[in-house]
Amino acid sequence: MKSKTLSFQLSIFESLAELPKEDQELISLASQAKENAYAPYSHFKVGAAVLLENKQVVIGSNQENASYPSGLCAERVAVFQAGAKFPGVTILKIAIVASSEKTATREPAAPCGNCRQSIFEYENKQKKPIELLLMGGEGPIYKCLSIKDILPLAFKSDFLV
Ligand code: THU
């Protein structure tokens, strides 16, 4: 039997001021996008901002539905929109900001499993890592250098050929 330990580097910033301007701006756009979340059921609002290599930013927010599974997370609204609007353009990073209207959330909310899988699809296709910036109510901010870091042993398209 062999065993392997998988680890990844998570950078933790105590405040926005510690981040480069570009990251601060992307987080600010994700935070603004969060305000357009439609979350009457969970009262949990999420905003995402995707920075593309062509400098365009595409945003998304979670959109819920009375038939719960018909809703969609902010991250997928954003990355699918990026794929539809700018096909083939490399995604550099995604900022995700989340907060609950019911409780104060300090810890950043990491993307759900479905969103990780969707973001991974683009990272695998473009063969360049997608950086993640995650923020809760007010901080700290988590930075991951690749979606692979938080989706080890991912299911990938190569398995289907
Ligand atoms: N949500 C997101 O937008 N992103 C995630 O990664 C996790 C959850 C949304 C879905 C739903 O509208 C609400 O948060 C509660 O699950």
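**The ligand and its pocket**

Author: By class, the shell around the ligand consists of 6 nonpolar, 2 polar and 2 charged residues, where Ala, Val, Leu, Ile, Met, Phe, Trp, Tyr, Cys and Pro count as nonpolar, Asp, Glu, Lys and Arg as charged, and the others, Gly among them, as polar. This is a predicted model, in which local features need pLDDT of at least 70 and side-chain atom pairs pLDDT 80 or more, while totals for chains, interfaces and linings use all residues. Residues are numbered from 1 along each chain as its sequence is written, and side-chain values use heavy atoms, without hydrogens or water.

The residues around the ligand (a heavy atom within 4 Å) are Ser42, Phe44, Val46, Asn62, Glu64, Cys73, Ala74, Glu75, Pro111 and Cys112. Both β2 and α2 (74–85) supply at least two residues each to this shell.

A polar side-chain atom of Glu64 lies 2.5 Å from an oxygen atom of the ligand, and a polar side-chain atom of Asn62 lies 2.9 Å from a ligand oxygen atom, whereas at Ala74 it is a polar backbone atom that is 2.9 Å from an oxygen atom of the ligand. Of the 370 Å² of accessible area (Shrake-Rupley, 1.4 Å probe) that the ligand has on its own, the protein covers 75%.

The space that the ligand takes is the largest pocket, a pocket being an open set of 1 Å grid points where a 1.4 Å probe fits, with protein on both sides within 12 Å along at least five of seven lines. The largest pocket is lined by 19 residues (an atom within 4 Å of a point), and Ser42, Asn62, Glu64, Leu72 and Cys73 lie nearest its centre. The elements giving two or more residues to this lining are β2 (44–52) and β4 (91–100).

Notes: Helices (H or I, at least four residues) and strands (E, at least two) are DSSP runs, numbered from the N terminus. A polar contact is a pair of N or O atoms within 3.5 Å; within protein, one must be able to donate a hydrogen and the other to accept it, and residues adjacent in sequence count only if both atoms are side-chain atoms. A molecule sits in a cavity or pocket if more than half of its atoms lie within 2 Å of its grid points.
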